[in-house]
Amino acid sequence: MNRTMGRRFLAAVCLVFLATAGGGGARAAEPFDDEENCLMCHKYPKMGRVTEDGVLRSYTIVPEIFSRTVHRNVPCRDCHTEIKELPHKPVTKGVSCDTECHSINNPATGRPFSHKIIVEVYRKSNHGREKNEEGPDRDKPYCITCHTNPLYNPVEEQPPGRIVDRCVVCHEKRKFVNAWYNHTSRRIREVRRSSEEIVVLCSSCHGDKKLVDRRIETAAKEGRSMGRKFPLAVESYDASFHGKMIRYGFAKAANCLDCHADAGNYYLSVHEMRPSRDERSSVGRENRVKTCQRCHPYAGASFGAIDPHPTADRTDNPFRHYIEKGYGLAGYLVPTGMLALAMFETIGRRRDGVSWMLRHGTSWRRRSRRGRDRHGA
């Protein structure tokens with residue numbers, strides 16, 4: 001038996017073992033078409049390996065979950081193009097979001113469809129990084145950090161029967177028409193995160209102190225400086241009027257992307273986020289007033305000069321720092337003084353024979369010399 005036949009025999013034995021010993025962990029019938037039979041192996045739990053770097057990689061595909069993702073109709077080998085046979089050889093190159101892999105052509109260009117254009121825009125942005133980043137940029141978010149399938153792939157709705165009846169006249173297959181309708185109708189509708197979700201998403205990185213410190217340290221080594229508010233972005237937003245309104249449920253208040261993304265082409269600009277020192281940034285010095293005018297039509301230069309990320313840090317904003325200290329001190333002193341005054345008044349009234357009783361409402365009362373109730377004075 002030569003080496004090639006030996007490898008195939010060993011792979012076949014492994015498949016039989018997984019199909020018999022692991023049968024208890026198999027999922028229910030696949031709710032989507034697995035024409036290439038990839039789930040014969042990948043549906044079993046705990047299928048994976050430990051990489052050379054000591055990282056546990058899972059290769060399990062849960063059919064019920066994958067059937068609700070945006071890629072459920074894309075054959076596996078349209079992305080994993082290096083796989084030529086089954087069982088396949090070890091995969092040495094992963095799939096990135098700019099891979100030209102889909103089995104359909106872009107009807108506008110005639111070329112194979114891919115996300116390459118938007119990935120190139122993202123790579124040039126302030127958040128840009130490679131999928132398998134090894135350097136300090138590994139802290140930055142990759143595509144899947146923000147893009148989660150449950151958000152962009154909600155529960156499917158059945159298209160109106162009259163639309164399907166019309167489309168199948170030419171397209172013939174109802175299954176294709178249903179899938180195409182759901183795909184296009186979601187993109188036509190407004191599909192974006194709520195303001196609370198956007199704040200939580202941005203805060204997951206910008207509120208991570210260790211990550212922020214690493215970014216500042218990396219910038220110092222490279223001889224550049226980060227923005228003055230970079231280490232205080234989340235803290236200062238939460239303290240701002242916008243942050244408080246979002247926290248109390250007023251969804252129309254400005255969230256992070258309302259200011260840091262260009263409203264002209266929102267879905268493109270969220271991928272090309274730029275630092276405030278960049279003149280093309282929506283929060284840059286030249287564009288700040290225009291950005292404010294999206295919500296405040298009468299905003300002028302003075303309005304645009306207001307700090308949208310106020311902080312109580314003594315070095316950053318000493319005026320606000322001492323004002324907040326004063327208000328905090330007053331917040332303690334006023335209630336304490338009122339409580340002390342009430343205690344002194346109570347002691348004086350008790351000394352004068354005035355007692356507290358619940359009668360015709362709560363009141364202080366004392367007996368008059370003629371035996372009638374009199375309000376304590």
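**Entry 1: the chain as a whole**

How much accessible surface does the chain have, and what share of it belongs to carbon and sulfur atoms? I found about 27,500 Å², of which 58% belongs to carbon and sulfur atoms; accessible areas come from the Shrake-Rupley method with a 1.4 Å probe, and for residues only the protein chains shown count as cover.

I noted that this is a predicted model, in which local features need pLDDT of at least 70, side-chain atom pairs count only at pLDDT 80 or more, and totals for chains, interfaces and linings use all residues. Residues are numbered from 1 along each chain as its sequence is written, and side-chain values use heavy atoms, with hydrogens and water left out.

I counted 18 helices and 5 strands in the chain; these are DSSP runs, helices being H or I of at least four residues and strands E of at least two, numbered from the N terminus. Of the 377 residues, 23% count as buried. Buried means under 20% relative accessible area, exposed over 50%, and partly exposed in between (1.4 Å probe, protein chains only).

I also looked up contacts, meaning heavy atoms within 4.5 Å. Among those between residues at least 6 apart in sequence, 42% join residues at least 24 apart.

**Entry 2: helix α11**

I checked the length of α11 (residues 209–221): its 13 residues should span 18 Å at 1.5 Å a residue, and the end C-alpha atoms are 18 Å apart, which agrees. The expected span is 1.5 Å times one less than the number of residues.

Which residues of α11 are buried? They are L211, V212, R215, T218 and A219. They cover an arc of only 125 degrees around the axis, so they lie on the same side of α11; the arc is that of the directions from the helix axis to the C-beta atoms. What covers them includes α10 (195–206). The face turned away from the buried side carries the exposed residues K209, K210, A220 and K221.

I then looked at both ends. At the start of α11, a side-chain oxygen of D208 reaches to within 3.2 Å of the backbone nitrogen of K210. Just after α11, G223 takes a positive phi of about 75 degrees.

**Entry 3: the largest nonpolar core**

I listed the 10 residues of the largest nonpolar core: I198, V199, Y237, I246, A253, C256, L257, A261, Y266 and M273. Such a core is a set of buried Ala, Val, Leu, Ile, Met, Phe, Trp, Tyr and Cys residues joined through side-chain atoms within 4.5 Å. The elements that give two or more residues to this core are α10 and α14 (256–260).

For A261, leaving aside neighbours within four places in sequence, I found contacts with Y266, S269, V270, M273, S282 and R294.

**Entry 4: single residues in loops**

Is S67 buried or exposed? S67 is buried, because its relative accessible area is 16%. S67 lies in the loop between α3 (63–66) and α4 (76–79), and its side chain reaches the backbone oxygen of E64 at 3.0 Å.

P87 is in the loop between α4 and α5 (116–123). The peptide bond from L86 to P87 is cis, with omega near 0 degrees.

K46 is not a glycine, yet has a positive phi of about 65 degrees. K46 sits in the loop between α2 (39–42) and β1 (48–50) and is exposed, at a relative accessible area of 84%.

Notes:
Polar contact = N/O pair within 3.5 Å; in protein donor to acceptor, adjacent residues only side chain to side chain.
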